[in-house]
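Welcome! Take a moment to look over the structure below, and then we can walk through it together.

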Amino acid sequence: MVELETTIKNRAGIHARPSALIAQTAIKFASRVYLEKAGNRINAKSIMGIITLAASFGTKIKIIAEGPDEQQAAEAIKALFESGFNEELG
Amino acid sequence: MRYNDDVKEQEPVNFTVLDLLSLELKEQNDLKLRCVAGRAGLSREITVPDLNRPGLALAGFYESFAWERLQIFGRGENAYIKKIEADGIAPQIYEKLFSYKLPCCIFSNNIEPTPRFAAAADAAGCPVLITELGSVEFTIRVIRILHDIFAPKIIMHGVLVEVFGIGILLIGDSGVGKSETALALIERGHRLVADDVVEIRCLNGTLLMGQGTNKVIGHHMEIRGLGIINVTHLFGVGAIRDKKQIQLVIQLEDWDPNKVYDRIGMDEMTMDILGVQVPKLEIPVKPGRNIPIIIETAAMNERLKKMGYHSAREFNQNILRWLESESARTMYFSRDDY
């Protein structure tokens, strides 16, 4: 199991578009991928789940991956968060 | 997308005066035409969807004479013809007029052309028609009809169905299940417009009208394992429609695990058909996906969009508002000085 920490860098937070990007990235990996905010854990392959986190600007998010390609999965998701989803950064 | 294998390019329109006379039109569009002279010229082609009042030509002014259009003779032109015949200058005028290969002369208001005019037209092989309609009404109807006939047209492979009032063109490779999907939709109470070959005409440059290419083939479907079925007989006249505007294109394709399908529906794809951008959805097909229900939902969502409610956008607006308030709250609680 791999756990990485990140924060939301884009001003708008995780709305529909970033959430779709996360899910589409996560779905490419065989590992189970989760996001955790303040103890709430959701499946990172579910768009609606990710939106439900209400991850606004500056929120701390924990990325958890578990499976054969857990390291790559977690890093790919983290890279997305770090890039701010190609949106305006806060 | 326009010139892919599914699209057959337009053939030039070949429309003669005889075709104009033999159009089968409903009462409100009927041209009420009959031919009284120049039958030999009924094979003359109408090449432009427009008409001309030949008053200036009769008066001897032939500059910019639009001879290739239908020539409409109303009460004024007819009165002038009577005058020139009384004055004895008619023969030269007719000779000049009929030296042009006019597609045909049409007299409105049920006016009978003078015998001398009819004879001159006969000699020149120019058809003379009479309509019961007044000039204005005839002009309105004939322009509308000719524009429909001369409208840009293509033939596409696909199935055109009407689902909740939305005209949906289903396209996709053969064997992907277009006809089966359409059949399921018909079974659920929707309507078939055309199967397999759809003729699409662009009216007004903005509206795409789709219909079957042929009345004989119309409303029959080929279902693998069943053969040809007659939808009208099997499902009743409520299950069919002659033509329908195409408002949505749905491309069915085999599920490709490497392809990214739209998961939100905020970026809208369109397809160019005859220069008109039609909203397009790509729907992956795989066992266990109930495609007819997805298409029904797509049709309802399209209606909702036309009514001004865009589900995906409204949803995201609400999310953004919510995130903004979350963000404000977080900042408030994380202030050091409280």
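## A sheet in chain B

In chain B, five strands make up an open sheet with mixed pairing, in the order β2-β6-β5-β4-β3. Strands here are DSSP runs of E with at least two residues, helices are runs of H or I with at least four, and both are numbered from the N terminus. Two strands pair if DSSP finds at least two bridges between them. At the edges sit β2 (33-37) and β3 (51-52) of chain B, each pairing on one side only.

β2(B) pairs with β6 (residues 128-131) of chain B in the antiparallel sense, over four bridges. Here L33(B) lies opposite T131(B) of β6(B).

## About the model

This is a predicted model: local features need pLDDT of at least 70 and side-chain atom pairs count only at pLDDT 80 or more, while totals for chains, interfaces and linings use all residues. Residues are numbered from 1 along each chain as its sequence is written, and chains are lettered from A and ligands numbered from 1 in the order in which they are written.

## The overall form of chain B

Chain B holds ten helices and 18 strands. Its radius of gyration is 29 Å, well over the 20 Å that the globule rule gives for 338 residues, so chain B is more spread out than a compact globule. The radius is taken over C-alpha atoms, and the rule is 2.2 Å times the number of residues to the power 0.38. Along the principal axes, the C-alpha atoms of chain B fill a box of roughly 105 × 65 × 35 Å.
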